[in-house]
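Dear colleague,

Please find below the structure I promised to pass on, with its sequence.

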Amino acid sequence: MAKDEKEYENRPDNTAFTQQRLPAWQPMLSAGIVIPGFVLIGLAFIGIGIALFVTSRNIQVLELDYTGEENNSPCFKCSDPDVKNCRCDLPFTISTLIEGPVFFYYGLSNYFQNHRKYGVSRDDDQLFGDLDNFKSPSDTCAPYEYDSSKKPIVPCGAVANSMFNDTFTLYRVVNGENKLVPLDGKGIAWWTDYNIKYRNPNVTPIKNAFNGTVKPIFWSKPAYELDTTDSANNGFLNQDFLVWMRRAALPDFRKLYRRITEGEYAEGLPAGDYILRIAYNYPVLSFDGRKKVVFSNVSWMGGKNEFLGIAYLVVGSLCIVMSVVMLIVYAKFKFPEGD
């Protein structure tokens with residue numbers, strides 16, 4: 001093949017697309033377009049910001065700290081790490097109806113779940129039900145890989161080992177008697193975690209899959225006995241376990257514990273006196289942490305968060321201010337139409 005023919009062969013086709021001859025439109029950004037555009041964008045952002053802010057302010061939230069560091073706290077005696085299996089009653093009063101559905105969260109402060117070494121301390125293959133990783137956990141789980149007798153820990157890693165284990169029972173005081181408030185713990189984890197990311201080993205009964213392994217060091221019972229009332233809510237598909245394993249991005253966070261939606265509480269938590277009975281197991285004072293419980297409802301935008309509304313209002317206001325500045329500059333320094 002001749003040299004000229006080779007050059008022609010490598011050239012793109014002589015079409016409007018390959019030769020970039022397609023019709024095109026290029027906006028001419030004049031003051032008559034930019035200034036009204038900034039005004040419209042600013043008004044839209046301010047409108048969205050007002051809607052978000054007002055909605056967030058209407059969400060009802062009740063927070064109760066039960067760390068027990070203060071002498072007058074009902075849980076003061078339980079905050080001592082040497083006291084085991086401690087229980088305390090936290091009385092509180094709701095002054096007005098918290099409209100349902102009501103979500104019950106536990107919260108931790110000064111707890112860095114986003115630390116890199118903490119976050120990678122887990123074995124995803126093991127959590128997916130791979131029996132080979134039951135006997136030989138990944139070295140990413142160290143130092144919570146094997147116990148002192150060299151038996152494999154299942155589930156291994158710092159994230160699982162530090163699972164929150166305080167439990168709560170809620171009572172409503174009616175005519176001097178404690179009336180149990182039903183708490184719904186079904187479906188509180190992310191759908192993707194429960195159906196895709198985590199799996200129990202395909203062994204029946206599930207207890208047999210854990211033969212030759214030990215529970216995490218700080219757990220009181222093995223994974224297959226996390227829920228004694230519902231056998232399906234055990235192993236790596238336990239709802240509380242799944243909620244804990246989805247790490248928080250910030251050091252002050254809350255995680256969903258239960259929903260209050262059943263029976264007479266479907267419309268919400270009525271005004272009145274309540275007692276929260278706490279099985280206090282999780283130590284936090286060693287790292288200057290705090291513990292709290294939160295009762296809250298939600299809206300179309302989720303939980304209470306005024307930051308998003310304020311952010312929209314600030315950006316919208318800046319757009320309006322910039323449009324006014326550009327209008328003043330245009331009026332003072334505009335060029336003749338022919339330029």
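A disulfide, meaning here a pair of cysteine sulfur atoms within 2.5 Å, joins Cys 75 to Cys 88, with an S to S distance of 2.1 Å. This is a predicted model, in which local features need pLDDT of at least 70 and side-chain atom pairs count only at pLDDT 80 or more, while totals for chains, interfaces and linings use all residues. Residues are numbered from 1 along each chain as its sequence is written, and side-chain values use heavy atoms, with hydrogens and water left out.

The torsion about the S-S bond of Cys 75 and Cys 88 is about 75°, so this disulfide is right-handed. The pair links distant parts of the chain, since Cys 75 sits in the loop between β1 (61–65) and β2 (86–94) whereas Cys 88 belongs to strand β2, 13 residues apart; helices (H or I, at least four residues) and strands (E, at least two) are DSSP runs, numbered from the N terminus. Both Cys 75 and Cys 88 are buried, which is to say under 20% relative accessible area, where exposed would be over 50% and partly exposed in between (1.4 Å probe, protein chains only).

The structure holds three disulfides. Another is formed by Cys 78 and Cys 86, whose sulfur atoms are 1.9 Å apart, and because the torsion about their S-S bond is about -65°, that disulfide is left-handed. Cys 78 and Cys 86 are both buried as well.

Cys 141 and Cys 156 also form a disulfide, with their sulfur atoms 2.0 Å apart. Both cysteines lie in the loop between α5 (132–135) and α6 (158–161), so the pair ties together parts that are 15 residues apart in sequence. Cys 141 counts as buried at 0% relative accessibility, and Cys 156 is buried with a relative accessible area of 3%. With the bonded cysteines numbered in sequence order, the pairing is 1-4, 2-3, 5-6.

Turning to the helices, the axes of α2 (residues 31–58) and α9 (residues 306–333) come within 7 Å and cross at roughly 160°, the axes being lines fitted to C-alpha atoms over the stretch in contact and the angles running from 0 to 180 degrees between N-to-C directions. The two helices, α2 and α9, are therefore roughly antiparallel to each other, a term that applies to angles over 145 degrees, as against under 35 for roughly parallel, 65 to 115 for roughly perpendicular and the rest for oblique.

Best regards
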